[in-house]
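Welcome, and thanks for taking a look at this structure.

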Amino acid sequence: MIGLLTGGAWVFYFADAPTLARDLISLNAHPIAYTTIAIPTSTTFFFGGFAREQICIYACPWPRIQAVMMDEDSITVGYRGWRGEPRKGSEDVENGADMGDCINCMACVNVCPMGIDIRDGQQMECITCALCIDACDDVMEKIGKPRGLVDYMALSDEPLERAGQKPRNIWMHIFRPRTILYSVLWSSVGIMLVFALFVRSPIDLSVAPIRNPVFVTLSDGSIRNTYDIRIRNQSNDESTFEIHLNATPDLLLKLEGHPDDRLQIDAQSMKLQRVYVVAPGESEPARAEHTDVRFWVENLADGARAYTNSTFFGKGN
Ligand code: SF4
Ligand code: SF4
């Protein structure tokens with residue numbers, strides 16, 4: 001069910017969600033919609049149901065990013081080796097050394113969902129779930145030792161703790177030039193994304209010239225170039241769009257099937273339109289090798305416009 005919800009959410013992001021939901025339920029959606037939902041659904045089911053922590057360890061980029069961002073002042077789950085070692089059953093203890101607080105019960109290892117031993121030091125696989133902290137604290141309470149053998153800690157505090165002093169205040173670990181820089185950078189990215197969302201154009205326009213052939217010579221000697229124009233109406237209202245060409249007056253624009261150069265486009269929808277640009281045979285664009293042109297569309301409801309540049313190819317002689 002979770003796989004289905006995530007797969008569905010992904011597809012709804014790229015379509016009009018209420019319409020697609022209705023079509024999916026009534027079995028009227030396009031087969032591509034069902035296929036696209038099936039792929040993330042099945043992969044999520046497999047990854048979450050069977051591969052599980054293998055995905056965290058081998059596929060997820062986050063441990064690598066986290067490892068790069070951390071330093072010895074970072075607060076993370078760790079083992080106070082100077083307190084726990086030598087652990088029960090170790091060679092040193094067998095040879096008569098005083099035993100540390102770790103009784104080698106393996107509770108911290110047994111609860112770890114990633115199957116690691118935190119006593120071996122910080123490891124990339126650790127998801128800082130803190131289950132090992134709780135497990136070890138329970139053990140420490142039972143054997144009458146202080147809690148915190150496995151705990152949140154910073155490696156830079158180790159010398160202080162070994163000397164019997166208190167670790168530095170946690171706020172000194174949190175507010176450092178490095179963490180402030182990270183916060184500023186990540187916040188800036190977030191602010192830029194929100195800003196881009198609010199200033200995005202309500203129209204998305206792209207023009208793809210058809211270059212096979214580059215141009216066609218018509219029976220009256222005029223030169224014709226063909227373009228596929230995609231207009232996405234990103235507003236929430238159905239609108240009429242008028243297509244224009246900014247170029248020399250010699251170039252004439254014609255829309256296939258729309259003599260008035262206007263297109264009706266549903267809200268949040270995209271329309272593909274074939275467009276012809278024709279230059280009379282003796283005109284400058286027809287004789288030139290190429291001429292820069294600019295297509296623009298206008299939403300007749302609110303006057304919003306979008307532009308894109310392209311090229312008109314002539315005979316070149
Ligand atoms: S914090 Fe969680 S993942 Fe990390 S060592 Fe402890 S139990 Fe394992
Ligand atoms: S739970 Fe604590 S005492 Fe037990 S093995 Fe882990 S660190 Fe040692």
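How do the residues of the shell around ligand 1 divide into nonpolar, polar and charged? They divide into 13 nonpolar, one polar and no charged, where Ala, Val, Leu, Ile, Met, Phe, Trp, Tyr, Cys and Pro count as nonpolar, Asp, Glu, Lys and Arg as charged, and the others, Gly among them, as polar.

This is a predicted model, in which local features need pLDDT of at least 70 and side-chain atom pairs count only at pLDDT 80 or more, while totals for chains, interfaces and linings use all residues. Residues are numbered from 1 along each chain as its sequence is written, and chains are lettered from A and ligands numbered from 1 in the order in which they are written.

**Domains**
- The protein is divided into domain 1 (2–51), domain 2 (70–168) and domain 3 (203–313), with bounds that come from an automatic or database domain assignment.
- Taken over C-alpha atoms, the centres of domain 1 and domain 2 are separated by 44 Å.

**Around the ligands**
- Ligand 1 is surrounded by 14 residues, and the closest are Cys112, Ile118, Cys126, Cys129 and Cys132; a residue is near a molecule if its C-beta atom, placed from the backbone, lies within 6 Å of it.
- Around ligand 2 there are 14 residues, of which Cys102, Cys105, Ala107, Cys108 and Cys136 come nearest.
- The shell around ligand 2 has eleven nonpolar residues, two polar and one charged.

**Nonpolar cores**
- In soluble globular proteins, nonpolar side chains tend to be buried together.
- The largest nonpolar core here has 19 residues, and Ile231, Ile243, Val277, Ala279 and Phe312 have the most contacts inside it.
- Such a core is a set of buried Ala, Val, Leu, Ile, Met, Phe, Trp, Tyr and Cys residues joined through C-beta atoms within 7 Å.
- A residue is buried if 20 or more other C-beta atoms lie within 10 Å of its own, exposed if 12 or fewer, and partly exposed in between, with C-beta atoms placed from the backbone.
- A second, separate core of twelve residues includes Val77, Tyr79, Cys102 and Val150.

**The β10–β11 hairpin**
- β10 and β11 run antiparallel and are joined by nine bridges; strands pair if DSSP finds at least two bridges between them.
- Five residues lie between the two strands of this hairpin, and Gly303 in the turn has a positive phi of about 80 degrees.
- Val293 lies in β10 and counts as buried because it has 22 C-beta neighbours inside 10 Å.
- The C-alpha atoms of Val293 and Ala247 are separated by 5.2 Å, although these residues are 46 residues apart along the chain.

**Backbone details**
- Most residues other than glycine have a negative phi, and most peptide bonds are trans.
- The peptide bond from Glu85 to Pro86 is cis, with omega near -5 degrees, and Pro86 is in the loop between α6 (81–84) and α7 (91–94).
- Asn212 and Pro213 are also joined by a cis peptide bond, with omega about 10 degrees.
- Asn104 has a positive phi, near 55 degrees, and is found in the loop between α7 and α8.
- Ala130 has a positive phi near 70 degrees and counts as partly exposed because it has 14 C-beta neighbours inside 10 Å.

Methods:
Helices (H or I, at least four residues) and strands (E, at least two) are DSSP runs, numbered from the N terminus.
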